[in-house]
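Let's take a walk through this one together. Keep the structure open as you read.

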Amino acid sequence: MGLRQVWRFNSFRRTNVILQHLGMSKHTDAAGEVLLERRGCAGVITLNRPKFLNALNLNMIRHIYPQLKNWEQDPETFLIIIKGAGGKAFCAGGDIRVISEGGKANQKIAQDFFREEYMLNNAIDCCRKPYVALIHGITMGGGVGLSVHGQFRVATEKSLFAMPETAIGLFPDVGGGYFLPRLQGKLGYFLALTGFRLKGRDVYAAGIATHFVDSEKLDMLEEDLLALKSPSKENIADVLDAYHTKSKIDQDKSFILEEHMDKINSWFSANTVEQIIENLQQDGSSFALEQLKVINKMSPTSLKITVRQLMEGSSKTLQEVLTMEYRLSQACVGGHDFHEGVRAVLIDKDQSPKWKPADLKEVTDEDLNNYFKPLGSNDLKF
């Protein structure tokens with residue numbers, strides 16, 4: 001196993017460790033899980049579950065959404081800042097173990113969580129006040145949904161972005177079907193199917209972040225934003241641009257995937273997972289085989305859902321994508337692989353999910369169509 005393969009294997013394992021943290025999140029107290037403050041010219045949202053990497057739960061969503069709407073209407077609030085407590089994570093994702101347990105017990109939690117999370121994602125996208133997400137530390141899944149739809153996203157050298165959902169029988173949701181196919185070339189398809197992790201300045205180079213700032217300057221940046229007097233969007237952009245320009249960390253480093261982008265664009269231009277896999281096999285380079293090994297660990301159903309999700313999402317509005325993803329979320333919770341993925345990663349921790357179907361060939365077009373079916377009166381509506 002070469003150095004890069006070791007790194008890739010460790011990366012996959014670390015993603016599972018992060019997912020395990022999310023599985024512990026149900027044991028925390030509901031009080032103070034998210035802090036909402038008016039400071040200076042801004043409304044400040046602090047995700048406050050550092051022991052659980054600020055994993056997002058329904059209680060937090062139900063506090064953030066109405067406050068976001070209030071600040072949007074408040075003439076004294078000129079911008080909204082969202083950040084994570086503790087320094088390790090902005091937000092490592094959603095409270096997936098609770099969703100799985102609730103879904104198996106036919107509780108409303110799976111309906112309510114995804115519905116209200118996606119409504120919040122849309123509210124961030126539509127927010128009439130400038131929205132600044134400080135994506136310092138781990139930013140995955142639900143944390144991406146809290147940031148990527150906002151106007152400004154500030155990464156640091158400690159940022160870590162990934163959408164690892166295909167590893168747990170899910171799909172890259174929270175509007176992944178909208179923003180991933182709009183990244184350069186086929187980068188979004190690559191990130192969605194492999195769960196590949198981007199770090200530091202690469203989060204900016206990929207187009208996930210709009211700015212890059214040294215982590216030691218983050219507090220100073222926040223204070224400068226809060227000190228602005230009745231700022232316009234342009235005033236806020238000027239402050240962010242000034243910090244971005246002064247940042248020297250990894251300034252001359254090329255994007256980690258730069259040397260592979262032509263091949264990624266070629267491999268992931270295929271319309272089916274089977275063809276993508278064939279492209280990787282035919283290439284046979286060490287990088288191609290590393291990605292093949294990772295993809296082969298993922299849920300076959302999730303892989304097929306994801307390719308169709310991104311292809312359809314590439315020409316839809318965000319609201320149309322979120323409606324589609326809500327249908328997918330409910331079908332996944334009602335199926336086998338999501339619960340099996342949660343079991344393998346979070347509960348038994350054997351890292352050996354038994355996917356059903358276990359082979360791509362067994363995931364039929366009819367199966368896929370059932371995942372994408374409208375839910376009638378239960379559909380997500382804006």
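This is a predicted model: local features need pLDDT of at least 70, side-chain atom pairs count only at pLDDT 80 or more; totals for chains, interfaces and linings use all residues.

Numbering runs from 1 along each chain as its sequence is written, and side-chain values use heavy atoms, leaving out hydrogens and water.

An unreviewed UniProt entry annotates residues 43-372 as "domain: Enoyl-CoA hydratase/isomerase". That span is 49% helix and 10% strand, and its end C-alpha atoms sit 37 Å apart. Helices (H or I, at least four residues) and strands (E, at least two) are DSSP runs, numbered from the N terminus.

Now find H7 (residues 187-194) and H14 (residues 300-313), which pack at about 155 degrees with axes 10 Å apart. H7 and H14 are therefore roughly antiparallel (angles over 145 degrees count as such). On the H7 side, Gly188, Tyr189, Ala192 and Leu193 make the contact; H14 brings Leu303, Thr306, Val307, Leu310 and Met311 (contact means heavy atoms within 4.5 Å). These residues divide into 7 nonpolar, 2 polar and no charged.

On to the backbone. Leu53 isn't a glycine, yet its phi is positive, near 55 degrees. Leu53 sits in the loop between strand E2 and helix H2, and is buried at 4% relative accessible area (buried means under 20%, with a 1.4 Å probe and protein chains only). Val174 also has a positive phi, about 45 degrees, and is buried at 0%.

Finally, a cis peptide bond joins Lys356 and Pro357, with omega about -5 degrees. Pro357 lies in the loop between H16 and H17.

Definitions and conventions
UniProt positions are given in the numbering used here, feature names are shortened, and annotations may be inferred rather than shown by experiment. Axes are lines fitted to C-alpha atoms, for helices over the stretch in contact, and angles run from 0 to 180 degrees between N-to-C directions. Angles under 35 degrees count as roughly parallel, over 145 as roughly antiparallel, 65 to 115 as roughly perpendicular and the rest as oblique. Ala, Val, Leu, Ile, Met, Phe, Trp, Tyr, Cys and Pro count as nonpolar, Asp, Glu, Lys and Arg as charged, and the others, Gly among them, as polar. Buried means under 20% relative accessible area, exposed over 50%, partly exposed in between (1.4 Å probe, protein chains only).
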